[in-house]
Amino acid sequence: MRIGIVCYPTFGGSGVLATELGKALADKGHQVHFITYQQPVRLNEFNANIFYHEVRVTTYPLFDYPPYETALSSTMVDVIVNHQLDLLHVHYAIPHASAAYLAKKIVESTTGRYVPVITTLHGTDITLVGRDKTFAPVVAFSINQSDAITAVSENLRDETYRTFPIEKEIRVIYNFVDTRRFHKKPIDAFRKVIAPNGEKIIMHASNFRKVKRVQDVVRIFEIVRRKIPAKLLFVGDGPERSGAEGLCRELGLCDDMRFVGKQEQMEEILAIADLFLLTSEYESFGLAALEAMAAGVPVISTNAGGLPEIAIQGETGYLNDVGDIYGMSDNAIRILEDEAVLKQFKANAAAHAKNFDIHRIVPQYEALYNRFLKPEPLQPLLT
Ligand code: GMT
């Protein structure tokens, strides 16, 4: 199959998922064309089946707001026609679903070809940005016009139905992880740099947006550290980072924590971690938590959004109410203070992540694509 993938190329979960999906499809022999404004961060290896098409927005003095969506649709048309794409798979509704709709209509009217569009909803495109009234009518329209719609969790599917007048079936296809890649031996020298005296390593990774409540991470760490020698590793970057750094200074934690910025090789870093904290106000899925579990790292998270669909209370870690800093601290201590307990949680996390393994989930996308290649009329999907 020749598949066009449209996504955000940055460190966000939707871009990571879309890129890993494209790589997996290419490994299985499909021809994959990424259409984005920048090389996706995880597209870091050569594969003869992968193509990358950059969306370039021409500037002009009149354009206070360069028309990115128009450039994106035009690039999609160009790639669909010149590379004979079978379908377009767009990740994150805004503005990818509406740009894809326009491209599909242009191809249809100029060549007579029908190119199916699959839209995968990821989270904030529905729960935060999408429901803003400056976007909502276009988001609802373009989702409804998609040939197939998927959501990364049941929670996100239900939120979408609650938020928009969607008339079609939304199929849940969970996010995935390559469990073999994330099953890494820790690099001792690296561990020693972070925790020279054998302290426990607690980690958080995100884009440091408000929704992540990163100050809760700092406060939990402060409580845990009173009982357990520990270090905190912050991976990623974003608008709330300086607030978190300020709080660290205020609480006198600077010597015990490190901000390592955006990192591509998450599996290397996760391999040295003992516990992962995800304190978000909302997560449609929580791909960072799944990657942590795949690396054998128990997760303490909130019970918001789709997180209860991927974690098991008291087995892979614990889930607490949003903002319950004391509950999360108690649970972190419970796991970290006993080596046998920690070992069990690590094993449980790694075992459970296998339910979301790349080899289980990618075929679900392929099955969905295949429905559009058959000449017979489509049957409703079974969930
Ligand atoms: O976490 C973010 O804000 C980034 C965002 C994205 O679209 O890049 O992540 C969303 O999509 C991820 C991949 O499907 C999910 O794992 C995240 O839970 C989801 N984020 C939110 O719902 C806040």
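Val138 is partly exposed, with 45% relative accessible area; here buried means under 20% relative accessible area, exposed over 50% and partly exposed in between, with a 1.4 Å probe and protein chains only. This residue is found in helix H5, residues 136–145, where helices (H or I, at least four residues) and strands (E, at least two) are DSSP runs numbered from the N terminus. From Val138 to Tyr174 the C-alpha to C-alpha distance is 25 Å in space, and the two are 36 residues apart in sequence. The model is a predicted one, in which local features need pLDDT of at least 70 and side-chain atom pairs count only at pLDDT 80 or more, while totals for chains, interfaces and linings use all residues. Residues are numbered from 1 along each chain as its sequence is written, and side-chain values use heavy atoms, with hydrogens and water left out.

The next level to look at is the domains. The protein is divided into domain 1 (2–176 + 359–370) and domain 2 (179–356), with bounds that come from an automatic or database domain assignment. Their C-alpha centres lie 30 Å apart. To the contact between them, domain 1 gives 24 residues and domain 2 gives 20 residues, contact being heavy atoms within 4.5 Å. Together the two domains bury about 1800 Å², 51% of it on carbon and sulfur atoms; buried area is the accessible area (1.4 Å probe) that two parts lose on being put together, summed over both. Of the area that domain 1 buries against domain 2, 29% is supplied by Phe11, Arg42 and Asn175, more than any other three residues.

On the side of domain 1 that touches domain 2, helices H1 (13–27), H6 (154–163) and H16 (358–371) each supply at least two residues. The largest share, five residues, comes from H1. By class, the residues of this side are nine nonpolar, nine polar and six charged; Ala, Val, Leu, Ile, Met, Phe, Trp, Tyr, Cys and Pro count as nonpolar, Asp, Glu, Lys and Arg as charged, and the others, Gly among them, as polar.

Two salt bridges are counted between the domains, a salt bridge being a side-chain nitrogen of Lys or Arg within 4 Å of a carboxyl oxygen of Asp or Glu. Glu291 forms a salt bridge with Arg42, and their closest N and O atoms are 3.1 Å apart. Both residues belong to a network of salt bridges that links Glu20, Lys23, Arg42, Arg181, Glu267 and Glu291. In the structure as a whole there are 22 salt bridges. Another one pairs Asp256 with Arg225, at 2.5 Å between the closest N and O atoms. This pair links distant parts of the chain, 31 residues apart, with Asp256 in the loop between helix H10 (241–251) and strand E10 (257–261) and Arg225 in helix H9 (214–227). Asp256 counts as buried at 17% relative accessibility, whereas Arg225 is partly exposed at 28%.

Arg157, at 18% relative accessibility, meets Asp158 in a salt bridge (3.1 Å, N to O). Leu156 is also one of the residues touched by Ser284, among them His122 and Gly306. Ser284 lies in the loop between strand E11 (275–278) and helix H12 (287–294) and is buried at 8% relative accessibility. The side chain of Ser284 reaches the backbone oxygen of His122 at 2.4 Å.

Two further side-chain pairs complete the account. Glu366, in helix H16, is buried at 13% relative accessible area, and a polar contact of 2.7 Å joins its side chain to that of His30. Thr124 lies in helix H4, and its side chain makes a polar contact of 2.7 Å with the side chain of Tyr92.

How values were computed: A polar contact is a pair of N or O atoms within 3.5 Å; within protein, one must be able to donate a hydrogen and the other to accept it, and residues adjacent in sequence count only if both atoms are side-chain atoms. Lists of a residue's contacts leave out its neighbours within four places in sequence.
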